[in-house]
Amino acid sequence: VLVGPPSVGKSTWMKKAFAGKSPYVINRDDIATSVAKSKGWTYDDMFISPPKDAQEGDVDEKYGTVVRSPAYMTWQPLSYDKVAEANGEIHDLFTKRVSGAQPSGKDIVVDMTNMNAGARKGAQSAIESATEGDYKKVAVVFKFEGAEEIIKKVAAKRAREANERGESKTVPPEAFDRMFKAFQEVDPSEAFDEVISVDNIAALRTLVGDKD
């Protein structure tokens, strides 16, 4: 279970740690990107919200009609119906991905932020029916405290590179701030067999040319 904000190096670490292997990876962002491409949208399009003054029934040419958000879209009260439908596809595909983890017979990597105990409990649901001892449960925690602004710079760099490819994937600074604030250290009660700490901060500084 990887633990850390976006742009801290989780996926890069995973590729190195599992070099030559083929783990079963659970990553909601990958699914969102795939669904977006199938619709000719960008990743950002999948999470577009109506203006603050929007009313139910308002219509946008690209995103459809403003409706009440379904239960799985907890982050906003109103949504466009086409966006809600797309997020429903993400929800269904993600659920199938999680349910396929144990039958795969592979090592399982939950490559998501997992910044709090609740999220990490959800991550462990991929093996909830496993017999004791079938899996060694490892939390890989990526250090970020003290490097918050560096991580935002890395994210901004990635967003620019995505734009150059004609894509769009943006994590706003305020979203990072919410994640940083909500972070919970891994507690023994979470029943991980091992907790690994990864410090990528020096590499991130080099990536953005920060010499401080």
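1. K152 counts as buried in this predicted model, because its relative accessibility is 16%, below the 20% cut-off. K152 lies in helix α5 and D177 in helix α6, so this pair ties together parts that are 25 residues apart in sequence. The contact is a salt bridge whose closest N and O atoms are 2.8 Å apart. D177 itself is partly exposed, at 38% relative accessibility.

2. K152 also forms a salt bridge with E149, with 3.3 Å between the closest N and O atoms. Both residues belong to helix α5 (residues 148-164) and are three residues apart, about one turn of the helix. E149 is partly exposed, at 48% relative accessibility.

3. The whole structure contains ten salt bridges. One of them pairs E190 with R120, at 2.7 Å from N to O. E190 is in the loop between α6 (173-182) and β8 (194-198), and R120 is in helix α4 (residues 117-123), so the pair ties together parts that are 70 residues apart in sequence. E190 is buried, with a relative accessible area of 11%, and R120 is likewise buried, at 0%.

4. Charged groups are also placed over aromatic rings. The charged end of R97 sits over the ring of Y24, 3.8 Å from its centre. K169 lies over the face of Y43, at 4.7 Å from the ring centre.

5. Eight aromatic pairs are found in a search of the whole structure. One aromatic cluster is formed by F144, F176, F180 and F183.

Notes. Residues numbered from 1 in each chain as written. Predicted model: local features only at pLDDT ≥ 70, side-chain atom pairs only at ≥ 80, totals over all residues. Heavy atoms only, no water. Phe/Tyr/Trp six-rings, centres within 6.5 Å; stacked < 30°, edge-to-face > 60°. Lys NZ or Arg CZ within 6 Å of the ring centre and 35° of its normal. Salt bridge = Lys/Arg side-chain N within 4 Å of Asp/Glu carboxyl O. Helix = DSSP H or I, 4+ residues; strand = E, 2+ residues; numbered from the N terminus. Buried < 20%, exposed > 50% of the residue type's maximum accessible area, 1.4 Å probe, protein only.
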